[in-house]
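Subject: Structure handover

Hello,

Here is the structure I said I would pass on. Please open it alongside this email.

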Amino acid sequence: MNRARRPETSGGPLGSADLDALVGEWSDWAGVAQELGVPTSRVGRLIQEHRLAGAVPRPGAGQQVPALFVQDGEIVKGLPGLLTVLHDGGYDDREAIAWLFTDLDLPGRPIDALRENRGTEARRRAQAMAF
C-alpha cells in the first residue's frame, strides 16, 4: 500500500481534514435509518460493510454519516463500490469521506459526481490511488 500518493486537502493530509467544514450536513444513524427505511442497527452494519462511511465530524458529536450519501431514499449509486476501492487502498472512513468531499477538478467533488451519475472518473481516480 502506497500511502505517499494520497492527495492532500488544503489543510494537510486527508486524515486530518476538518470533516465538519468539508461535508457540511451530517445525519445521525437514526436519521439515515429513517431515510433508508431500515432499522437504526442496520446503519452500523452498512458502515461495517463499507456501503456507507461514518465519522465523528467534531468533538463531542457521535458517529454520523454525510447527508449527501443518501439520495431519494437510497444510498447514492456507486458509493459502496467507491468506498470499497478506497478501503482496499488503505483509506479509513474518515479519509474516504474527506476524499469524497474534496474538489478534485472532476469537475467538482467526487460525491457530486456520484450524485449526478457521473461517477466513472471518480472511480477511476480512486482505483489509481489504490495501487
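Below are the notes on what was found in it.

The model is predicted, so please read what follows as computed from that model.

Overall layout. The chain has 7 helices and 6 strands. In sequence order they follow the pattern β-β-α-β-α-α-β-β-β-α-α-α-α. Of the 131 residues, 44% are buried. Among the contacts with a separation of 6 or more, 59% are between residues 24 or more positions apart. The chain exposes about 6700 Å², and 48% of that area comes from carbon and sulfur atoms.

Helix packing. Two packed helices are described by the angle between their axes and the distance between the axes. Helix α2, residues 29-36, packs with helix α3, residues 40-48, at an angle of about 95 degrees, and their axes are 8 Å apart. The range for roughly perpendicular is 65 to 115 degrees, so α2 is roughly perpendicular to α3. On the α2 side the contact is made by W29, A30, V32, A33 and L36. The α3 side contributes T40, V43, G44, L46 and I47. By class, this contact has 8 nonpolar residues, 2 polar residues and no charged ones.

Aromatic pair. The count comes to 1 aromatic pair. The ring centres of F69 and F101 are 5.9 Å apart and the ring planes are at 35 degrees, so the pair is tilted. Planes count as stacked under 30 degrees and as edge-to-face over 60. The pair links distant parts of the chain, with F69 and F101 32 residues apart. F69 is in the loop between β4 (65-66) and β5, while F101 is in the loop between α5 (93-100) and α6. Both F69 and F101 are buried.

Most residues other than glycine have a negative phi. Which backbone angle stands out at D72? D72 is not a glycine, yet has a positive phi of about 55 degrees. D72 lies in the loop between β5 (70-71) and β6 (74-75). The cut-off for exposed is over 50% relative accessible area, so D72 counts as exposed at 76% relative accessibility. N117, also not a glycine, has a positive phi of about 60 degrees. N117 is found in the loop between α6 (110-115) and α7 (120-130). With a relative accessible area of 57%, N117 is exposed.

Regards

Technical notes: Residues are numbered from 1 along each chain as its sequence is written. This is a predicted model: local features need pLDDT of at least 70, side-chain atom pairs count only at pLDDT 80 or more; totals for chains, interfaces and linings use all residues. Side-chain values use heavy atoms; hydrogens and water are left out. Helices (H or I, at least four residues) and strands (E, at least two) are DSSP runs, numbered from the N terminus. Buried means under 20% relative accessible area, exposed over 50%, partly exposed in between (1.4 Å probe, protein chains only). Rings of Phe, Tyr and Trp (its six-membered ring) pair if their centres lie within 6.5 Å; planes under 30 degrees apart count as stacked, over 60 as edge-to-face and the rest as tilted. Axes are lines fitted to C-alpha atoms, for helices over the stretch in contact, and angles run from 0 to 180 degrees between N-to-C directions. Angles under 35 degrees count as roughly parallel, over 145 as roughly antiparallel, 65 to 115 as roughly perpendicular and the rest as oblique. Contact means heavy atoms within 4.5 Å. Ala, Val, Leu, Ile, Met, Phe, Trp, Tyr, Cys and Pro count as nonpolar, Asp, Glu, Lys and Arg as charged, and the others, Gly among them, as polar. Accessible areas come from the Shrake-Rupley method with a 1.4 Å probe; for residues, only the protein chains shown count as cover.
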